[in-house]
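Please go through the model below with attention to its strand pairing, its helix packing, its nonpolar cores and the contact between its chains.

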Amino acid sequence: MHLLAIDWVVFTEKLILIIAVVSGSLVVAMYSTYAERKVAAIIQDRRGPNRAGPFGILQPLADGLKLFFKEEIIPKFSSKFLFILGPGIAMLTAIMIGAVVPWGNKIHIFNRDVSLQIADVNIGILYIFGMVSLGVYGIMIGGWASNNKFSLLGAMRAASQIISYELAMGISLIALLMLTGTLSLKTMVAQQMDGWWYIFKQPLGFLIFLICAFAETNRTPFDLSEAENELIGGYHSEYSSMKLGFYLFAEYVNMFLSSAVMVTLFFGGYDIPFVNDQTFINTIGTNWMAVLQGAVFFIKIVCFLFLFMWVRWTIPRFRYDQLMNLGWKILLPLALFNMLLTGALILLHQNHWHF
Amino acid sequence: MQALTNRVQQVSRKKMTLWERIYLPEILKGMFITFKHIFRKKVTINYPEQTRKFSPVFRGLQILNRDEEGRERCTACGLCAVACPAEAITMEAAERQPGEEHLYREEKYAAKYEINMLRCIFCGYCEEACPKDAVYLSETFAPANYQRKGFIYGKKDLLIPHPKEDPEGFAKAKGDRAIRPEGHGNEK
């Protein structure tokens, strides 16, 4: 009986953290849509949304309201259960990635050390990979349930694309994992706080991971699954109202969380560069340090979000065969080469070849 | 094949060099170009708050002119209606009664003057035909309306504001055309 007892303090603490992370990622995703439109406008010498509120900052609310008020259509010949399940899964898997990302070190409150990570599982990276793979089900189910050839084509494209690029992504990460020796994201951040950021030790791995992250989140130049001019919107062409909103929203949540993962893996997570953390904690205290770390983490994420948008408004979409060529013939061998190189260097290092 | 003009450019089908096939440098080049655009001046203006200047030859909504004392210039001769290729103008003439000299410039005036803005093609022939300098094409255009009858503009809509009672509105309605006091040469 003792095994099943619930520690209510931990429960509340985690619950609050979960609510904060989920609502936080949703708000960031909401404002990503605004930022996306603004960045697109600025890059194209336009002004972007500037009518709703000062500088148009209420635009996401207006967009959300519009989506809620639209007519909700479920096609007659679709399978209704799956049709509704699709966007739900897409959103769920997108948000669940946030569970293992360390958002800060810890705060000291009510005489307790509260870790700013929902779950410090020792297989953090594997968990993320699992969630990303599940994400394709949202798209696949949506495309299938629509009972529409274009939707199915879009879904097929998405599925094959995500599966192809997951391979290169995984292998590029193996090289990183050989360096870290752990799968826990928190430990990785701790290692980067003491030493170099992993971007300097794994530049090629980072590049491959970045490209694959673009592919996994279905962002341009890899947005074949929703190519408007070929597939009328791809897997979500039959969707309307907030179900469509969920799909579009899930993309932004994915973008936010994959940025967070990339920052954690390669850019030191919540590590503040050029600062000795221990002396800093002694001067301003643990809690303020956590706030500062969270802010730094957020700034790094925003840089990545900007990169995502910047690339979207620069590069045209790949053709399907080009996509597959890049995934299988270039990225996969490159990732394998990177893995071998890293392995060789580590072996040399262990045999006292100092360089 | 013989090219029709000397502007023809042949599509280049040459093989990509290794540098181009690496692809990333070219992407970075493209991204640098888009990044430069962030600092460019915006070509868009904030429309309802800011408007662009119309060209001086812009032919917009008609206005019925008044003279300096605020009397209507139109004498209902009907030349504008005759000149109108779209047959958009109708008018009814009336005789000026004693005591109305401060309202109408000539002995005859238009009691009713209507332009159907859905028919009007804004060619400006009415302006050219008018011997009394009474009808002008201004620098505005017909706003949207929900009903057809909203596009039939009567005297109420067309008359320029009174130059003495509302000099600002008068100047605004007259627009930059007021700069050309010599008119277009049709004045008496």
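In which sense do strand S1 and strand S2 of chain A pair, and over how many bridges? In this predicted model, strand S1 (residues 106–109) and strand S2 (residues 112–115) of chain A are paired in the antiparallel sense, with 4 bridges between them. Within this pairing A:Ile109 stands opposite A:Arg112, and in the hairpin, where 2 residues lie between the strands, A:Phe110 adopts a positive phi near 50 degrees.

Elsewhere in chain A, helix H8 (residues 203–216) packs with helix H10 (residues 241–266) at an angle of about 170 degrees, their axes being 11 Å apart. Because angles over 145 degrees count as roughly antiparallel, H8(A) and H10(A) are roughly antiparallel to each other. The contact brings A:Phe206, A:Phe209, A:Leu210, A:Ala213 and A:Glu216 of H8(A) to A:Ser258, A:Met262 and A:Phe266 of H10(A), and its residues divide into 6 nonpolar, 1 polar and 1 charged.

The largest nonpolar core holds 85 residues, of which A:Cys212, A:Val253 and A:Phe256 touch the most other members; H10(A) gives the most to this core, with 15 residues. Leaving aside residues up to four places away in sequence, A:Val253 touches A:Ser25, A:Ala29, A:Ala94 and A:Ile95. Another core, of 26 residues, lies apart from the largest one and includes B:Leu64, B:Tyr104, B:Ala110 and B:Ile115.

The contact between the chains takes 10 residues from chain B and 10 residues from chain A, and the side of chain B is divided as follows.

| Class, side of chain B touching chain A | Count |
|---|---|
| Nonpolar | 4 residues |
| Polar | 4 residues |

Methods:
Residues numbered from 1 in each chain as written. Chains lettered and ligands numbered in written order. Predicted model: local features only at pLDDT ≥ 70, side-chain atom pairs only at ≥ 80, totals over all residues. Pairing = 2+ DSSP bridges. Axes fitted to C-alpha atoms, helices over the stretch in contact; angles between N-to-C directions. Parallel < 35°, antiparallel > 145°, perpendicular 65-115°, else oblique. Contact = placed C-beta atoms within 7 Å. Nonpolar A, V, L, I, M, F, W, Y, C, P; charged D, E, K, R; others polar. Core = buried A, V, L, I, M, F, W, Y, C linked by C-beta atoms within 7 Å. Buried ≥ 20, exposed ≤ 12 C-beta atoms within 10 Å, placed from the backbone.
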